[in-house]
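Subject: Structure handover

Hello,

Please read them with the model open.

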Amino acid sequence: MPFANFKVPAGSLDDQQKELIVTRTTELYAEIYGDRARASTMVLVEEVTDGGWGIGGGVLTLAMLQEPPVD
């Protein structure tokens, strides 16, 4: 069974965005493995508590992710 696990910051996606991840990921697996994979494809969108993950040795928060990029 194809399986994909997306870990995202809690509160960063709405229900429609989560559904989009599920449907597009399922479509991708069906494209790669054939339509027979569609019925058994499992996609998990897992929300991680704010401040519960980091990158580059520092804690990452939702507020940091929502800041505009620095040019």
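**Helix 1 and its surroundings**

Gly-34 comes directly after helix 1 and has a positive phi, near 100°. Please keep in mind throughout that this is a predicted model.

Helix 1 itself covers residues 15-33, which is 19 residues. From its first C-alpha to its last it reaches 27 Å, close to the 27 Å expected at 1.5 Å a residue. At the start of the helix, Asp-14 places a side-chain oxygen within 3.1 Å of the backbone nitrogen of Gln-16.

Which residues of helix 1 are buried? They are Lys-18, Thr-25, Thr-26, Tyr-29 and Ala-30. Viewed down the helix axis, these buried residues fall within an arc of 135°, so they line one face of helix 1. In general, an α-helix has 3.6 residues a turn, so residues three or four places apart point the same way.

**The aromatic pair**

The structure holds one aromatic pair. Its members are Tyr-29 and Tyr-33, and the pair is stacked, with 6.0 Å centre to centre and 25° between the planes. The two tyrosines are four residues apart in helix 1, and therefore about one helical turn separates Tyr-29 from Tyr-33. Are they buried or partly exposed? Tyr-29 has a relative accessibility of 18% and so counts as buried, the cut-off for buried being under 20%. Tyr-33 is partly exposed, at a relative accessible area of 43%.

**Salt bridges**

How many salt bridges does a search of the whole structure find? The search finds four; I describe some of them here.

One is between Lys-7 and Glu-46, with the closest N and O atoms 2.9 Å apart. Lys-7 lies in strand 1 and Glu-46 in strand 2, so this pair ties together parts that are 39 residues apart in sequence. Both ends are partly exposed: Lys-7 has a relative accessible area of 48%, and Glu-46 has one of 30%.

Another salt bridge joins Arg-38 to Glu-27, and here the closest N and O atoms are 2.6 Å apart. This pair links distant parts of the chain, since Glu-27 is in helix 1 and Arg-38 is in the loop between helix 1 and strand 2, eleven residues apart. Arg-38 is partly exposed, with a relative accessible area of 32%, and Glu-27 is partly exposed as well, with 45%.

Arg-38 also forms a salt bridge with Asp-35, the closest N and O atoms being 2.7 Å apart. Asp-35 is exposed, at a relative accessible area of 54%. Through these shared partners, salt bridges join Glu-27, Asp-35 and Arg-38 into one network.

**Thr-26 and Thr-41**

Thr-26 sits in helix 1 and is buried, with a relative accessible area of 13%. Leaving aside residues up to four places away in sequence, Thr-26 touches Arg-38, Thr-41 and Val-43.

Where does Thr-41 lie? Thr-41 is in the loop between helix 1 and strand 2. Thr-41 is buried, with a relative accessible area of 14%. The side chain of Thr-41 reaches the backbone oxygen of Ala-37 at 2.7 Å. With residues up to four places away in sequence again left out, Thr-41 touches Pro-2, Thr-26 and Tyr-29. Tyr-29 is also a member of the stacked aromatic pair, and Tyr-29 and Thr-26 are both among the buried residues of helix 1.

Regards

Note on methods:
Residues are numbered from 1 along each chain as its sequence is written. This is a predicted model: local features need pLDDT of at least 70, side-chain atom pairs count only at pLDDT 80 or more; totals for chains, interfaces and linings use all residues. Side-chain values use heavy atoms; hydrogens and water are left out. The expected span of a helix is 1.5 Å times one less than its number of residues. Buried means under 20% relative accessible area, exposed over 50%, partly exposed in between (1.4 Å probe, protein chains only). The arc is that of the directions from the helix axis to the C-beta atoms. A polar contact is a pair of N or O atoms within 3.5 Å; within protein, one must be able to donate a hydrogen and the other to accept it, and residues adjacent in sequence count only if both atoms are side-chain atoms. Rings of Phe, Tyr and Trp (its six-membered ring) pair if their centres lie within 6.5 Å; planes under 30 degrees apart count as stacked, over 60 as edge-to-face and the rest as tilted. A salt bridge is a side-chain nitrogen of Lys or Arg within 4 Å of a carboxyl oxygen of Asp or Glu. Contact means heavy atoms within 4.5 Å.
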